[in-house]
Structures are given as C-alpha cells and as structure tokens.
Amino acid sequence: ASSFDSASLNYTKEDFKAKIVHHLHSTLGTSENKATKQSWWKATCAAVNELVYERLTQTQQTHANKDTRAVHYLSAEFLMGRLTANNLHNLHLFNVCSDALKDLGINLTDLCEEEPDMALGNGGLGRLAACFIDSLATLNLPALGYGIHYENGLFRQEIHNGRQIERPDSWREYGNPWEICRPESIQEVALGGYVETIYSEKDGSLKKVWHPAQKIKGVPWDIPVVGYNGTTVNILRLWESKAPESFDWDVFNAGGYVDAQAEKARAETISKVLYPNDSTEAGKILRLVQQYFFSACSLKDILRRYKRAHTLASGKVDYSEFANKIAVQLNDTHPTIAIPELMRIFVDEEGLGWEEAWNICYKVFSYTNHTLLPEALEKWPVYIFERVLPRHLEIIYEINRRFLEGECERVFPGNDFIKAKLSLIEEGSTRMVRMGNLCVVGSHKVNGVAAIHSKLVKEDLFPEYAQIWNDKFCNVTNGVTPRRWMLSCNPELAKLYTETLGSDEWVTKLDKLKDLKKYADNADFQKKFMAIKHANKVKLATVIKAETGIEVDPNALFDIQIKRLHEYKRQQLNLLYILALYRRVLENPDLEMTPHVFIFGSKAAPGYKMAKDIIYAINKVGERINNDARIKGKIKVVFMPNYRVSLAEKLIPAADVSQQISTAGYEASGTGNMKLAMNGAITLGTMDGANIEIVEEAGEENNAIFGLSVDEVKSVKANGYNPWDYYNRDHEIKKALDWLDSDYFTPGFPGELAGIKRALLEGGDTYLALADFRSYSDAHARLEKMYANKKGWAKSAILNSITMGKFNSDRSIQDYVDQVWSLETCLVK
Ligand code: 26W
C-alpha cells in the first residue's frame with residue numbers, strides 16, 4: 001500500500017496543484033486566467049505523466065534486464081476510449097487529483113469530458129483488446145500491444161431525420177497527451193514487386209530473393225498502459241505509415257515533384273482510416289496492406305529486441321531461445337500474415353532451414369477466433385496476394401504442401417475431399433487464401449471466446465483439424481476490466497461495495513463480491529443499491545434530454561440494447577416487440593404497466609443497407625410513440641447517437657434491463673452483457689455466447705432467458721424454417737409487420753420501413769426473429785412481474801452484480817497464461 005500512498009509519491013493535493021499549474025505554464029504555455037478546459041485537461045495529463053513515464057521506464061528496464069518472456073498482442077483494433085479517469089484510478093490518484101483541481105476551481109469529471117475517445121476499433125474485438133492490455137499490466141505480465149495508429153478511428157455517427165450519417169473521427173486533431181512518438185524505433189517494410197529464384201551451383205539449392213516495388217516507413221506511437229495497483233506500465237505500440245526518407249529521389253530530381261507527393265500520399269494512406277466493417281469482409285486491397293504493414297512492423301520490432309539479447313559473440317543470432325521468449329497472440333485472422341512473414345524472415349533473411357524455422361514459428365503463434373459468421377471469415381484472392389505479397393504467397397503454398405502431404409495425409413490418407421476442405425487455398429474461379437486455415441495450421445493453440453463458441457469452433461468450424469490436432473483447441477471465456485467498467489464508470493456502487501466489504505480488494509479479485517451475498521436480501525443494502533441505480537438513471541435522463549431532446553422518467557424501467565447493429569444481434573426483434581407493446585396500449589389505454597424506456601445505441605457499417613434501415617425504423621417508430629399523448633408516456637423509445645466507449649460508461653450504470661438477444665449460435669461471446677450485469681442489470685437474453693455462463697453464475701431465476709437453443713436453431717433450420725407460419729398464426733406478429741408497410745410511422749411515405757418486413761418474410765428471416773418472438777414477449781412479461789416486486793428486483797439485480805467475478809478480464813488473461821502463453825509475472829521495482 002505504501003507505494004500507493006499519494007503523499008509518498010509527491011502527489012499530495014498541494015504537490016498535484018503545483019504540478020498542474022506548472023504544466024499549464026510550461027507545457028501548455030498559458031495561465032490560470034486564460035486557460036481553456038482543454039488546456040487544464042492537458043496540464044492535468046502532463047502532471048500524471050510524470051509518474052507514468054517514470055514507471056514506464058522502470059518497467060521497460062526491468063523487462064530488458066531480466067530478458068523476460070513476453071506476449072505480443074497483435075490486433076488491428078484497440079478500442080481504448082478515454083484514458084484520463086482510467087489512468088488516475090489505476091494510479092490511485094483520482095481523488096487527490098479531483099481535490100487539487102477543486103481548489104483550482106475546476107471539476108475533474110468535466111475535464112474528462114474534454115478527451116476525445118480513442119475509437120480505434122469497431123466493437124467487441126477491439127474493446128476486448130483494450131480490456132486485455134489493462135489486465136496484462138495489472139497482473140504484472142510482460143506484454144506489448146501492437147496495432148495501427150489510425151488517423152481516423154471509427155466514424156462519428158450523426159442522426160439526420162432518423163438516418164445514420166457518417167462523419168470523420170479525428171481523435172488527435174488537437175493533440176493527444178497520452179501518446180509518445182518514438183522515431184528511434186522506426187521500421188521499414190516492403191510491398192509488391194517480384195520474386196527472383198537463384199540457383200546455387202555449389203549445393204544445387206534454390207534461393208528466393210524478393211525485389212519489392214515499394215518501401216513503407218512505420219513510425220511507432222506508444223501509449224502507456226498503466227496497471228492497477230501495481231508498478232507495471234506496459235506499452236501499446238501503434239504504427240503510423242509514412243513514405244521513407246530515401247524515397248524516390250530519382251523522380252524528384254527528374255522534376256517529378258507532384259508524382260513524388262502522390263507517392264508519399266499513397267504511403268500515408270495505409271494508416272489513414274479504420275475499416276468500419278465488423279462482420280463482412282470487404283476484400284479491399286488496402287485492408288490487406290494494413291494488415292501486413294502492422295504485422296511486419298511489429299515482428300521487426302520484436303526481432304530487434306530479441307537480437308539485442310541473443311546475438312552471439314560471432315555476430316550470429318541464436319534463435320534457439322526464440323519460442324521461449326516470444327509469444328504472439330493473433331486477435332482474429334487480421335494479423336495472420338505475421339505467420340508467413342516470420343517464416344520469410346527466418347528462411348530468406350536469417351538463413352534458417354525450413355523445418356528449423358517452422359519448429360519455432362508455430363510455437364510462437366496462437367490464434368483467437370471471434371466469429372463463426374461465414375461472411376466474416378477472411379479470404380484473400382490469390383491474385384491480390386501475387387500483387388502485394390508475392391513471396392508470402394509462395395511461402396503459404398509451401399506451408400500448405402507440407403501440411404497436406406504430412407499431417408493431413410497421415411490422418412486422412414487419400415481423402416481428397418477433406419484435403420480440399422482443409423487446404424489453405426480455396427479452388428474455384430477465383431482462387432482464395434483462407435486466413436482461418438492458415439492460423440490453425442500455423443499456431444499451437446486456437447481458442448474461442450466463450451464455452452459454447454469454443455465448442456462450435458472445434459466441432460462445426462474446424463472439425464477435421466480437431467481430428468488432426470485435438471489439443472490445439474481450447475476455450476478462454478472473455479472478460480472485461482472492472483477498473484473501467486465498475487470502479488471508474490459507477491463510483492457510487494464501487495464505494496458501496498468497498499465500504500460494505502471493508503476493502504477494495506474486489507477491484508482486482510472480483511470474486512470477492514460474492515461475500516456480499518448475505519446482503520442481497522438485506523433491506524438497507526437493497527435501498528442503498530437501488531438509490532445508486534436511481535441516481536445513475538437521473539444522470540442518464542439528463543444526458544438523453546441533452547442529446548435527443550427526449551424526456552424520460554427515471555422511475556420508468558430502463559431497458560438497454562447497446563452494440564453494433566447486425567441482423568444476428570436482432571435489434572429488429574426488439575423493435576417488433578415495441579410495436580406489439582404500443583399496439584397493446586393503444587387497444588387498452590388503461591393497461592397496467594410499468595413505464596418502459598427502450599434505449600438503443602448502435603452504429604451500422606456504412607455499406608450495410610438493412611442495418612441502416614433498422615436504425616431508421618427505430619428512430620421513426622420512436623418519434624411516433626414518444627409524441628403520442630394517448631399512451632401517457634408509458635413507452636419511450638430513445639436512440640442515442642454516436643454510441644462509443646465513453647457513452648457506454650454513462651449508459652451501463654443506469655440500466656435495469658440488458659438486452660442480449662442474438663440468435664443462439666451467432667454471438668461468439670458478447671462482453672457488453674458482462675458489463676451490464678456487473679452494474680446490476682438483469683439480462684433479457686438467449687442461451688448464446690457468454691450469456692450461458694452469466695446465468696450459470698447469477699442464476700436463471702434472476703434473469704429472463706428465452707428463445708431457441710443452439711441445437712434447436714440448428715434443427716429448425718434443418719427442417720426448413722418458414723417465417724410465414726409465424727406471421728399467419730401469431731396475430732401480434734402479423735399486425736406489427738403490416739404496420740411497417742403503412743405510413744403510420746413515416747407520414748406521407750408509405751413503405752419506407754417495409755424492407756424490414758420483407759427481410760423477415762420473403763427474405764426467409766435468416767436469424768429466426770419470428771420464431772423467437774412469442775418466447776421473447778413472454779420473457780418481457782416475466783420481467784414486468786419481477787420489476788413490480790421492488791424487493792425481488794433489487795435482490796436479483798444485486799445477485800447479478802456480485803456474481804460476475806468470472807468475467808473479470810484478469811481471469812481471462814490468467815487462463816491465457818495457463819493454457820496458451822505460459823508467462824511468468826515480473827514485479828517491477
Ligand atoms: C473482416 C471484417 C471483420 C472485422 C471484425 C470481421 C469480424 C470482425 C470481428 C471478429 C467482429 C467482432 O468484434 N467479434 C466480436 O468479438 C467479441 C470479442 O471476442 C465477442 O464478444 C463478440 O461476440 C463478437 O461478435
């Protein structure tokens with residue numbers, strides 16, 4: 001505890017004030033009477049950074065001196081959100097900083113609002129990476145995050161007349177105090193060109209030489225990752241693409257100034273923008289180039305560090321320790337190209353034999369799968385590979401040949417059908433490289449992200465691979481960091497837990513909250529718990545009013561669905577229920593019901609027409625309902641624009657109900673489900689992804705579970721699902737869908753919402769929304785009954801919150817350490 005005594009750190013209130021004022025003057029070049037909020041925010045960050053950098057240096061030196069084994073988390077996305085409050089909490093400086101600023105007439109919570117979100121990710125996968133690096137640092141594990149320094153993160157969403165408009169997100173336009181440029185660690189990577197085969201007269205061998213057409217410079221930007229309670233500060237290293245210094249002077253000298261500028265712009269395009277798709281592979285060349293760019297820069301960085309410690313007196317590098325020192329985790333298939341890249345470096349540049357190289361290579365890599373959706377499984381046309389990465393294509397062919405003739409032939413002798421299925425190359429009119437297959441062959445471990453998902457990865461996605469390598473497949477259930485998702489976003493609840501337990505140990509050992517079970521029935525504790533929930537709802541009501549103009553009653557039930565928009569996540573099912581409920585109230589104005597606020601937050605991929613149509617429908621239906629005096633405010637529908645991490649932090653603590661209603665078998669895990677449950681929301685959900693494990697912990701009786709199971713979904717589909725049967729037999733479904741055909745919600749424009757009805761009927765309702773509707777409606781009815789019993793509700797909400805220990809991302813990371821990485825903790829100082 002002593003190292004966290006803010007006084008012993010020279011971070012008493014007075015010290016902090018002095019530091020902030022100092023940085024206001026000397027770093028920001030302004031003064032107390034002129035400073036804007038933004039300057040105050042940056043000065044505060046600079047004051048915090050004094051400590052962060054000290055620990056960063058300590059950590060790096062300790063890791064280097066001990067030559068520790070480290071994990072390298074390669075991810076195309078890190079959805080970090082804001083860092084100020086999080087870093088202050090992790091350093092135990094939040095309160096002292098808040099007090100210092102108060103003396104200076106500034107409110108810390110206000111200041112935190114100055115920080116733009118670092119939205120370098122789409123959704124679940126990117127946010128998981130952010131939670132994982134927090135946990136890695138907290139557990140004092142040597143780790144580096146590697147990704148792309150996108151100039152523009154995920155688009156900012158505006159809603160114009162109910163429709164989504166995408167605007168650029170320039171998160172660092174006015175500077176970001178948490179990133180440090182490291183020009184001393186610049187890397188260069190190559191692209192395109194051709195491969196020359198050189199025949200050696202001496203030993204008859206063939207040597208391959210890649211003559212690339214282009215070089216790109218990777219400039220690293222480091223974001224310190226501050227662990228909670230510990231002294232470890234790890235690094236998230238993000239690569240920015242630049243044209244190399246040396247580039248194209250010839251063109252320049254020949255007077256090709258403008259051409260040279262264009263060339264430079266092309267190089268800088270690579271890290272310009274994050275692709276906003278989170279489930280359909282667009283097949284764009286630039287995306288493959290992005291993937292190669294950051295994977296290759298990261299491997300070069302890893303090798304540079306390895307060589308520093310393992311170069312022999314002779315000048316030769318000893319690679320025998322490589323797999324003992326280096327673990328590389330592939331966050332989905334996006335960084336797969338790192339596998340052939342490492343083989344290329346070993347074989348072409350470092351002179352290792354193929355087998356020697358391969359023996360190191362597969363031990364280094366492990367792969368996490370995050371989705372089973374066929375349209376999300378990455379495949380790249382061979383012709384694109386030939387153009388962009390010709391040498392890598394050859395290496396992939398060689399990995400494939402050895403696999404098919406080796407392990408595959410051994411287990412499936414002469415079985416050409418299975419060989420065609422397992423091949424890294426898909427044959428057809430356009431031959432494709434299958435990145436998932438390459439990951440499985442090139443990794444020593446493959447994991448899914450929740451128990452049910454891992455089972456499906458093994459049994460449905462890669463069954464034949466599992467016959468070859470049964471032990472390769474494992475499960476690591478996802479988790480979220482309780483630092484951001486409880487301590488920081490719900491400080492009053494955190495305080496209640498700490499005071500009641502007499503300790504804040506739960507912030508790292510989340511299982512400790514189970515000791516509060518005896519209070520779940522305690523009237524006084526329930527009162528306090530529900531008062532906090534109510535206060536959070538009052539706050540959110542203010543935000544809703546400010547953002548949308550809609551007035552909501554904090555006494556109503558707050559029912560929240562926040563996640564990317566996708567048909568498998570079934571926001572349209574939520575909407576259908578709202579339509580049915582609205583009709584019930586219109587038909588029976590005296591209907592006894594708890595006022596119900598349906599809140600959505602969601603971005604649609606810009607090219608995903610149906611997803612955008614669903615956003616439009618939610619907004620139009622909401623407009624009509626919210627302004628219909630006949631229903632006396634019993635239903636409100638709110639679509640919160642620009643859903644992002646910082647908005648999630650305001651929504652989650654205020655939720656009564658958490659909607660997790662994906663078609664069973666489609667949501668790999670979900671992580672929002674965990675955050676909402678931790679903060680005392682009751683899950684209205686299907687038996688899918690981590691929902692299954694959440695209710696296993698919290699008790700099915702404390703949640704509202706409905707719908708077809710994974711097996712039932714399979715059999716309904718196998719038996720020929722016909723959505724028309726449900727439409728014809730269920731009056732409420734028919735009425736709701738027909739309503740979408742009219743102009744009731746879009747006066748003067750009939751049929752604007754009809755596309756949703758069409759997808760659910762003519763389109764075949766791929767995600768079985770109609771099949772689950774009745775069961776969903778019944779679950780809503782059960783929730784209503786639960787909510788009417790205040791004590792019962794409080795008890796269930798508390799039990800959900802305090803039984804989520806398993807979903808601490810520290811536990812997930814410990815599982816990776818035990819099953820995949822075999823890392824050791826390294827205490828700093
Ligand atoms: C190629 C386009 C693309 C881009 C991103 C396809 C797929 C992705 C991601 C894998 C999508 C994603 O974020 N998946 C989510 O990962 C979370 C973390 O494991 C899970 O909790 C979610 O269930 C899963 O949808």
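Two strands pair if DSSP finds at least two bridges between them. Strands (E, at least two residues) and helices (H or I, at least four residues) are DSSP runs, numbered from the N terminus. By that rule, β20 (residues 557-562) and β23 (residues 657-660) pair in the parallel sense over two bridges. The model is predicted: local features need pLDDT of at least 70, side-chain atom pairs count only at pLDDT 80 or more, and totals for chains, interfaces and linings use all residues. Residues are numbered from 1 along each chain as its sequence is written.

**Open sheet**
- The strand order β22-β21-β20-β23-β24-β25 describes an open sheet of six strands with parallel pairing.
- β22 (635-640) and β25 (704-705) stand at the edges with a single partner strand each, so one side of each is left without a neighbour in the sheet.

**Strand β12 and its partners**
- β12 (residues 233-242) is mostly covered, with nine of its ten residues buried (20 or more other C-beta atoms within 10 Å of the residue's own, C-beta atoms being placed from the backbone; 12 or fewer is exposed, in between partly exposed).
- β4 (residues 143-148) pairs with β12 in the parallel sense over five bridges, and Y146 stands opposite R237 in β12.
- β11 (residues 214-226) pairs with β12 in the antiparallel sense over ten bridges, and K217 stands opposite K242 in β12.
- The hairpin of β11 and β12 has six residues between the strands, and N229 takes a positive phi near 75° there.

**Helix α14**
- α14 (residues 390-411) has 22 residues and reaches 31 Å from first C-alpha to last, close to the 32 Å expected at 1.5 Å a residue (1.5 Å times one less than the number of residues).
- α14 bends by about 35° at F403, the bend being the angle between axes fitted to the seven residues ending there and the seven starting there.
- Buried residues of α14 include R391, H392, I395, I399, F403 and L404.

**Ligand shell**
- Of the 22 residues around the ligand, G124, L125, H370, A668 and S669 come nearest; a residue is near if its C-beta atom, placed from the backbone, lies within 6 Å.
- The shell has five nonpolar, twelve polar and five charged residues (Ala, Val, Leu, Ile, Met, Phe, Trp, Tyr, Cys and Pro count as nonpolar, Asp, Glu, Lys and Arg as charged, the others, Gly among them, as polar).
- Domain 1 (67-82 + 117-478 + 814-821) and domain 2 (515-806) both give residues to this shell, so the ligand lies between them; the domain bounds come from an automatic or database domain assignment.
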